[in-house]
Amino acid sequence: MCLAIPARIVEKLDGGAARVDLGGVRKEISLALVDDAGIGDYVIVHVGYALSKLDPEEAAKTLALFEASGLDLAAIAEGNA
Amino acid sequence: MSAPLQLLATLTAGRVGGVHAQNLRPLAAQVLVGKSVEEAAALAPAIFSLCGVAQGVAVRAASTVAGGGEFVMTAAIERALSLEAIKLHLWRLMLDWPVLFGRAPERQRFAFVLKRIDQVSDERSAYEAGGAVLDLVARELLAGFINSLREPRNLSEFADACRRSGSIGDALARLIEAGASDPIDHPVPLLAPLPASVFADALPGGWPDAEYCRAPHLSGDVYETGPLARHVNNPLVARLVIHRHRIAARLFARVVELSDCASRLRHPLPGDMPALVDVAPLPAGGALARIETARGVLLHALRLDGATVSDYAIVAPTEWNFRPGGVFEQEGAGWAAPDVAYADWRLRALALALDPCVAYEVTVTEEAVSDA
């Protein structure tokens, strides 16, 4: 029951990897499981992999929901990726 | 320490002990409180990354019954749940188990299978995808057993049969050769598929409060949930259990389950397998939905105020297996290890076999023996 916090790709790295911003936390992840993900795109991340792409509107709605929930987004993000 | 699940142990005089599963992940069900039923059902798949289909079905099932209706399981729901479970099983089998044995994760192969699965759009494509998964199971695990005219006579032959298959079979062979992994005379009992009404009747106070969600039990007893609990009666899985190779048995059971998921994809709602979903009313109003997911039993409890969700609780499989005093803590302790590296490896194997849904870290600390 891992929470699906949208992460924004901020940098493409070698070897199909990328750096993402996840609730203010920067993480390096693999893009092996998603097609055509580029800088600025939102992805859902689980233990080091981008699982799926998300359109920006959907990502903004989900992020707003998490922020309104009172959950510690940064702490969750730290452990998610 | 950053992972939400911290798995701690000590190695003292060559024995592993002090095993503690520290679960820091938040209980997020409260995010759904105050939402309309439709909003909650739409939100659940969006906020839970791995098992969004199961979470969404659970919201709809529980809210239907809590609102006085009847939940009707359909072939489309069964196919969607089976597809999600197949992805999760393959994730573990292709990305995580190889790493335990020092091999690279099979990312490209997994991505290829994932794309095939994501193309499923109707009954026919589901049938074909199910066939592809069954082929994979046969090649990866069962080829060595199919090619022999007799069953393996001992564990050494069992491991040989596994090794004659693909990479999953190879992982299983290596696990068997690493030695028996079950140190306890009275293992944590396995939670067989049970109807929602059994859980509902056994809930303390008729509702899963935060304490229960963190440390679930059935009438006070701790259980293990997951593929081993569902497939312990498979003859090959049972054989590994009898020989105290419980970690290997869990891996084998996962592959057996993968083939069951593929069968459900091809022939949904079978009469000879337990139902994946059912719902029971709760004593003080509301309803409890039960869904069998890849990791084990998932429970959603919901109460309504009109058409609005007034209370919500989720009991996830990870909490059964990694609760205080649960199967990880019990089976992880009380065995001999030559060094910290081996203890760390075997605890990681146990954690992977029990399959938590969040990132985890294993830390083994060597403690000096007191002279006193």
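The legends below describe close-up views of a predicted model. Local features need pLDDT of at least 70, side-chain atom pairs count only at pLDDT 80 or more, and totals for chains, interfaces and linings use all residues. Residues are numbered from 1 along each chain as its sequence is written, with chains lettered from A and ligands numbered from 1 in the order in which they are written.

**View 1. Contact between chain A and chain B.** Here 19 residues of chain A are in contact (C-beta atoms, placed from the backbone, within 7 Å) with 23 residues of chain B. Helix 2 (73-80) of chain A gives the largest share of the chain A side, four residues. That side divides into twelve nonpolar, six polar and one charged residue (Ala, Val, Leu, Ile, Met, Phe, Trp, Tyr, Cys and Pro count as nonpolar, Asp, Glu, Lys and Arg as charged, the others, Gly among them, as polar). Helices (H or I, at least four residues) and strands (E, at least two) are DSSP runs, numbered from the N terminus.

**View 2. Open sheet of chain B.** Four strands follow the order 3-4-5-6 with antiparallel pairing (two strands pair if DSSP finds at least two bridges between them). Strand 3 (277-281) and strand 6 (308-315) of chain B each have a single partner strand, so one side of each lacks a neighbour in the sheet. Seven bridges join strand 5 (residues 296-305) of chain B to strand 6 of chain B. Ala301(B) has Ala313(B), in strand 6 of chain B, as its bridge partner.

**View 3. Helix 12 and helix 15 of chain B.** Ile247(B), Arg250(B) and Leu251(B) of helix 12 meet Ala349(B), Leu350(B) and Ala353(B) of helix 15. The residues of this contact comprise five nonpolar, no polar and one charged.

Terms used:
Axes fitted to C-alpha atoms, helices over the stretch in contact; angles between N-to-C directions. Contact = placed C-beta atoms within 7 Å.
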